[in-house]
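Welcome! Let's walk through a protein structure together, starting from its inside.

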Amino acid sequence: MKPIYMIVACSENRVIGKKGGGLPWSIPEDTAFWKEKVKGGIMIEGRRCFEELGGAFPDTDTIVLSRDPTYSPGRVLTAVSLPLAIELAQGMDGEGPIWLCGGSTVYEEGMALAEQLHLTRVHAEVEGVAFFPDWTSDFPVELDRRDSSNDEYRYSFLVLGRPD
Ligand SMILES: NC(=O)c1ccc[n+]([C@@H]2O[C@H](COP(=O)([O-])OP(=O)(O)OC[C@H]3O[C@@H](n4cnc5c(N)ncnc54)[C@H](OP(=O)(O)O)[C@@H]3O)[C@@H](O)[C@H]2O)c1
């Protein structure tokens, strides 16, 4: 079985997306980190995220979630539910991992399914309309941490695991 991980960047007040779509910050180091992490694996993401990113990344298989069974953006796989997307991903070639990449409802459902949370914690309170659910009881164990910053933000790359 391929491992299932969640990957997200969220602020201190758990914001992940701003009004009108997009990230509430510009942190090129995190964008590069995220692309490198998912490379070679299988991304599962909601339709809005997929459309916002303007398509799939090279070298990364992508499954887009939409409740519309006729949704067909071309050259990527689609699924009408997260369990079906995971089943599809588990049946694909390669060793994964499977990356749950948001948005909010994918993270809410994924909280019970993922074995690790790869969290970039942006140490700021920001305004936004899309949120990451509270993860602290599901992923209380810090497996790895690297602190970094740019001119505007301090942030930490965390790998969090489930209780022993
Ligand atoms: N900071 C981060 O790490 C991060 C990560 C991801 C996203 N974001 C931000 O979050 C925002 C987008 O997230 P969002 O929550 O608004 O939208 P989203 O999850 O990307 O897309 C929502 C759509 O995806 C489909 N969908 C979602 N969950 C589904 C499920 N369980 N089963 C079937 N279809 C499902 C539905 O499509 P249909 O309407 O077609 O049925 C739904 O309307 C953006 O601002 C983005 O930049 C931030």
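Which residues touch the most other members of the largest nonpolar core? Of its 38 residues, they are Met6, Ile7, Val8, Cys10, Ile44, Trp99 and Leu100. A nonpolar core here is a set of buried Ala, Val, Leu, Ile, Met, Phe, Trp, Tyr and Cys residues joined through C-beta atoms within 7 Å. Buried means that 20 or more other C-beta atoms lie within 10 Å of a residue's own, exposed means 12 or fewer, and partly exposed is in between, with C-beta atoms placed from the backbone. Strand β1 gives the most to this core, with seven residues. In soluble globular proteins, nonpolar side chains tend to be buried together.

A word on the model: it is predicted, so local features need pLDDT of at least 70 and side-chain atom pairs count only at 80 or more, while totals for chains, interfaces and linings use all residues. Residues are numbered from 1 along each chain as its sequence is written.

Now to the ligand. It is surrounded by 29 residues, the closest being Gly17, Gly46, Ser66, Gly102 and Gly103; a residue counts as near if its C-beta atom, placed from the backbone, lies within 6 Å.

Phenylalanine 157 is partly exposed, because 19 other C-beta atoms lie within 10 Å. Phenylalanine 157 and threonine 120 are 37 residues apart in sequence, yet 4.5 Å apart in space, C-alpha to C-alpha.

Notes
Helix = DSSP H or I, 4+ residues; strand = E, 2+ residues; numbered from the N terminus.
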